[in-house]
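Have a look at the model first, then read on.

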Amino acid sequence: MSSVDTSVQMRMRGGRLLSLLILATAVALIIVTPFLPNYYVRVANGLLIYILLGIGLNIVIGYAGLLDLGFVAFYAVGAYTYALLASPQFDLHLPFLLIVVIAAAVGAITGILLGLPVLKMRGDYLAIVTLGFGEIIRIVINNLDWLTGGPKGIARLDKASIAGIELARPTEIYWLLIVVVFAVAIFVWRMEKSILGKAWAAIREDQDAARGIGINTTNAKLAAFATSATIGSIAGVIFAASQRFVSPDSFALQESVLIVLMIVIGGIGNILGIVIGAAILILLPEVLREFAEWRILFLGLLMIVLIIVRPAGIVPRTFGPEKLIRGLFGK
Amino acid sequence: MTLVFHNLRKQYGSHVAIDDVSTVFQPGLIHGIIGPNGAGKSTLINMTAGSYLVSGGRISLDDRTLSGLKKYQIANSGVARTYQNIRLFDQMTVLENLEVCFYPTQVGQVWREILWPPFAAKRRINRRDVCMELLSFFGLQHYADAEAGSLPYGRQRMLEIARALVTNPRVLLLDEPAAGLNHHETTELTARLAELKSPDRIMIVVEHDMDLVMSVCDRIVVMHHGKLLFQGTPAEVQASSDVQLAYLGTANDIDDIKTAAKDRRAQLGIRARRRT
Ligand SMILES: Nc1ncnc2c1ncn2[C@@H]1O[C@H](COP(=O)(O)OP(=O)(O)OP(=O)(O)O)[C@@H](O)[C@H]1O
Ligand SMILES: [Mg+2]
């Protein structure tokens with residue numbers, strides 16, 4: 001046997017070990033978390049919601065290469081859809097799953113409506129305009145007192161329930177989120193691997209050349225905006241159902257920035273990267289709670305180091321779920 | 001099936017880049033477009049592919065008017081192109097650069113591809129087979145999983161032509177395919193171009209390399225200051241007293257062409273070095 005063969009074998013065994021390790025850790029964490037005290041479960045729920053948001057925004061930023069800084073708008077749309085349809089506000093109490101469907105549709109439509117005017121924009125211009133959209137939605141919510149309750153928000157939202165099973169305690173929400181995050185991650189990953197995902201990549205690399213091979217970039221971009229907004233909106237529904245209270249404060253510009261940072265730090269265009277990025281940006285502040293006055297400084301330093309050491313993010317674009325699976329089965 | 005320019009015109013501001021050009025391109029032939037820097041060759045390609053709007057006149061394929069359609073619509077009418085300055089999807093793999101060309105025909109069933117894995121697998125194999133065959137034709141099969149932007153310059157040129165061929169276009173527009181290639185690569189390209197000739201394909205090659213043009217082209221259009229100066233077979237072009245006098249003949253203009261070819265190599269050399 002030649003030395004080339006053995007080195008390939010060793011690398012494969014290494015890959016297999018790494019894949020096994022990553023998956024085993026993930027499974028262990030997922031199973032152990034609900035048995036921890038409620039505080040930890042709540043933190044985990046927050047993390048899962050941000051992962052969901054990251055997966056959604058990554059479609060636009062990571063796949064299609066469009067820097068969107070107003071993503072929180074769709075999160076708000078979903079949250080308020082739930083708040084309006086399942087609370088004493090208008091005395092509407094629609095079933096949870098029905099609201100998810102409605103919110104997904106409303107999210108997609110909002111995504112397309114906000115996408116249409118920015119179709120011709122890229123880079124900094126796109127970032128500024130979408131940032132504006134995010135703020136506009138928050139301000140509208142803040143001012144439409146009769147509809148949204150204004151700055152006071154909407155309280156006493158219904159508990160979520162599916163098929164008669166109530167989902168209100170942190171562990172119940174946790175399992176709901178685990179299922180949704182996995183379903184959405186698999187869906188989005190398959191989307192990335194589909195011909196549409198390849199078209200997004202082409203648009204990201206060279207929009208004009210993409211048109212030159214027959215890609216209707218308008219439609220492909222709107223599909224990205226719509227899918228991304230739908231996921232943001234669904235995350236908003238779950239957020240509202242778990243807090244059972246919504247107010248404009250939850251949808252400030254910082255939220256959008258935080259989600260973008262998760263993507264950039266974890267690894268643009270990579271679902272696994274988003275999980276890592278979210279873990280760092282959501283869990284670290286919790287861990288550093290006791291050093292409250294230092295933690296922003298600490299995060300800032302960490303970010304500077306990461307950007308110098310790993311400018312393309314912690315997990316490279318090419319280390320996607322398929323690598324993990326292939327590593328596991330040694331193919 | 002013919003590609004026709006009807007009194008084509010292009011102005012950039014007040015500068016007239018193409019002035020009343022009318023000609024016909026036939027299938028089964030390789031048409032060359034030559035002329036010194038700034039003659040308007042790329043402008044013709046760009047208008048045909050829909051990268052630029054026409055300022056006057058009309059471009060038609062069969063009985064269909066192309067000018068005025070959007071760029072992606074023109075591509076979907078069977079017009080494919082390469083660019084004078086290579087434009088690949090640099091961070092995608094070589095294989096993906098070709099696969100993505102299936103978008104127009106396959107996006108209609110994208111839901112099925114996302115939600116039904118067996119269908120997706122079939123699609124993937126299907127795309128792969130077609131693309132790998134093309135890659136082999138251009139000697140690129142071993143690069144399939146490499147990032148397109150990391151390829152040596154000459155390979156990138158070949159890949160760009162391969163990408164243009166995935167959809168089996170009726171019109172193939174090549175803007176200076178030999179620019180920046182070394183002698184060996186140019187010979188290889190010349191052979192590939194001859195093999196690509198097919199009774200139902202119109203091929204148009206803009207090129208400064210006169211050896212390539214004279215050996216591979218069946219018809220040549222000579223452009224000069226935005227006007228069509230002469231058209232005919234390579235022999236006719238070389239023999240034409242018009243061209244000799246106004247173009248090939250004068251020491252100045254033949255030098256123009258040679259300088260252009262040299263300039264191009266120098267410019268592209270920079271890109272090639274920067275990338276490697
Ligand atoms: N986008 C543009 N805006 C303004 N002027 C342009 C533009 N593109 C080309 N031109 C001008 O139009 C004329 C024709 O340019 P074109 O690129 O078609 O020439 P070419 O024959 O392809 O030359 P080369 O051999 O250098 O590629 C030139 O004078 C050029 O400066
Ligand atoms: Mg040119």
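Predicted model: local features only at pLDDT ≥ 70, side-chain atom pairs only at ≥ 80, totals over all residues.

Residues are numbered from 1 along each chain as its sequence is written, chains are lettered from A and ligands numbered from 1 in the order written, and side-chain values use heavy atoms, without hydrogens and water.

**The sheet.** Chain B has an open, antiparallel sheet of four strands, ordered β2-β1-β4-β5. Strands here are DSSP E runs of at least two residues, and helices are H or I runs of at least four, numbered from the N terminus; two strands pair if DSSP finds at least two bridges between them. β2 (15-25) and β5 (64-65) of chain B sit at the edges with a single partner strand each, so one side of each has no neighbour in the sheet. Five bridges link β1 (residues 3-12) to the antiparallel β4 (residues 56-61) in chain B, and B:L3 has B:L61 in β4(B) as its bridge partner.

| Protein side | Distance to a ligand 1 oxygen |
|---|---|
| B:H15, side-chain N or O | 3.2 Å |
| B:N37, side-chain N or O | 2.9 Å |
| B:A39, backbone N or O | 3.2 Å |

α1(B) gives the most to the shell around ligand 1, three residues.

Technical notes:
Polar contact = N/O pair within 3.5 Å; in protein donor to acceptor, adjacent residues only side chain to side chain.
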